[in-house]
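Thanks, everyone. I have one chain to walk through today, so let me put it on the screen.

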Amino acid sequence: MAPTRDDGRDGYLAFVENHQHRLLRAAYLICGNRHQAEDLLQDALLKLALRWSSVRDGDPSAYVRAILYRDSVSWWRRRRREWLSAAPPDQVAHDRDGALRLTMHDALGLLPPRQRAVLVLRYYEDLTEVATAEALGVTVGTVKSQCHAALRRLREVAPDLGRDDARPNQGSADLASGLEVNP
């Protein structure tokens with residue numbers, strides 16, 4: 001029986017199988033479009049495959065997240081266009097949780113890509129400031145200032161997000177949504 005060379009293919013496939021859904025969710029939160037998120041993730045996983053041998057011993061998910069956020073910003077810069085519509089979009093039924101999700105989605109869409117990436121990494125991916133800085137390739141101070149500016153902007157464009165009665169039932173009234181931090 002001939003010895004087989006371990007090229008890491010099995011490890012790569014196992015990583016993709018275990019992490020693809022979480023990474024797709026992060027991509028969707030960053031770009032706000034399912035199809036674009038799928039394309040973004042596919043490109044990021046391809047880049048990971050090309051560098052798997054040097055990345056696999058570290059933190060491959062952090063490497064992929066960094067690719068996602070950087071490529072998303074690059075895509076946005078290349079295709080920044082304003083789409084005008086003759087009529088406003090159809091109104092959705094008043095579903096409290098759904099309405100809150102839509103409000104958050106719309107508010108995130110109004111943020112610049114870097115601020116949006118910082119909020120997604122910090123509050124959706126639950127990364128530390130240091131991990132967020134590493135993923136974005138910026139300093140911790142930049143993460144703090146971008147986060148502060150993004151939260152301030154969210155409070156301006158969607159004041160309902162910070163209200164207690166706008167949030168769904170919580171186990172404790174003292175849980176912060178993140179919008180109350182650094183007023």
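Start at the end of helix 6. The residue that follows helix 6 is Gly137, and its phi is positive, near 70°. This is a predicted model, so keep that in mind throughout.

Now step back into helix 6 itself, residues 129-136. Which of its residues are buried? Thr132, Ala133, Ala135 and Leu136. These residues lie on the same side of helix 6, because they cover an arc of only 165° around the axis.

Leu136 leads us to the core. The largest nonpolar core has 25 residues. Which members touch the most others? Tyr69, Leu111, Leu119, Leu121, Leu136, Leu154 and Leu161. Several elements give two or more residues to this core: helix 1 (9-31), helix 4 (96-109), helix 5 (113-124), helix 6 and helix 7 (140-157).

Take Leu121 for a closer look. Set aside residues up to four places away in sequence. Leu121 then touches Arg65, Tyr69, Asp126, Leu127, Thr132, Ala135 and Leu136. Of these, Thr132, Ala135 and Leu136 are among the buried residues of helix 6. Tyr69 and Leu136 are also on the list of core members that touch the most others.

Asp71 sits in helix 3, residues 60-78. Is Asp71 buried or exposed? Buried, at 19% relative accessibility; the cut-off is under 20%. Beyond its neighbours within four places in sequence, Asp71 contacts Leu40 and Lys47.

Cysteines now. Cys31 is buried, with a relative accessible area of 14%. Cys147 is buried too, at 8% relative accessibility. How many disulfides are there? The count is zero, with the test set at sulfur atoms within 2.5 Å. For the record, a disulfide is a covalent bond between the sulfur atoms of two cysteines.

Last, the whole chain. The protein chain has seven helices and zero strands. From the N terminus on, the order reads α-α-α-α-α-α-α. There are 183 residues, and 35% of them count as buried. The chain exposes about 12300 Å², and carbon and sulfur atoms supply 51% of that. Then the contacts. Take those between residues at least 6 apart in sequence: 65% of them join residues at least 24 apart.

That is the tour. Over to you for questions.

How values were computed: Residues are numbered from 1 along each chain as its sequence is written. This is a predicted model: local features need pLDDT of at least 70, side-chain atom pairs count only at pLDDT 80 or more; totals for chains, interfaces and linings use all residues. Side-chain values use heavy atoms; hydrogens and water are left out. Buried means under 20% relative accessible area, exposed over 50%, partly exposed in between (1.4 Å probe, protein chains only). Helices (H or I, at least four residues) and strands (E, at least two) are DSSP runs, numbered from the N terminus. The arc is that of the directions from the helix axis to the C-beta atoms. A nonpolar core is a set of buried Ala, Val, Leu, Ile, Met, Phe, Trp, Tyr and Cys residues joined through side-chain atoms within 4.5 Å. Contact means heavy atoms within 4.5 Å. Accessible areas come from the Shrake-Rupley method with a 1.4 Å probe; for residues, only the protein chains shown count as cover.
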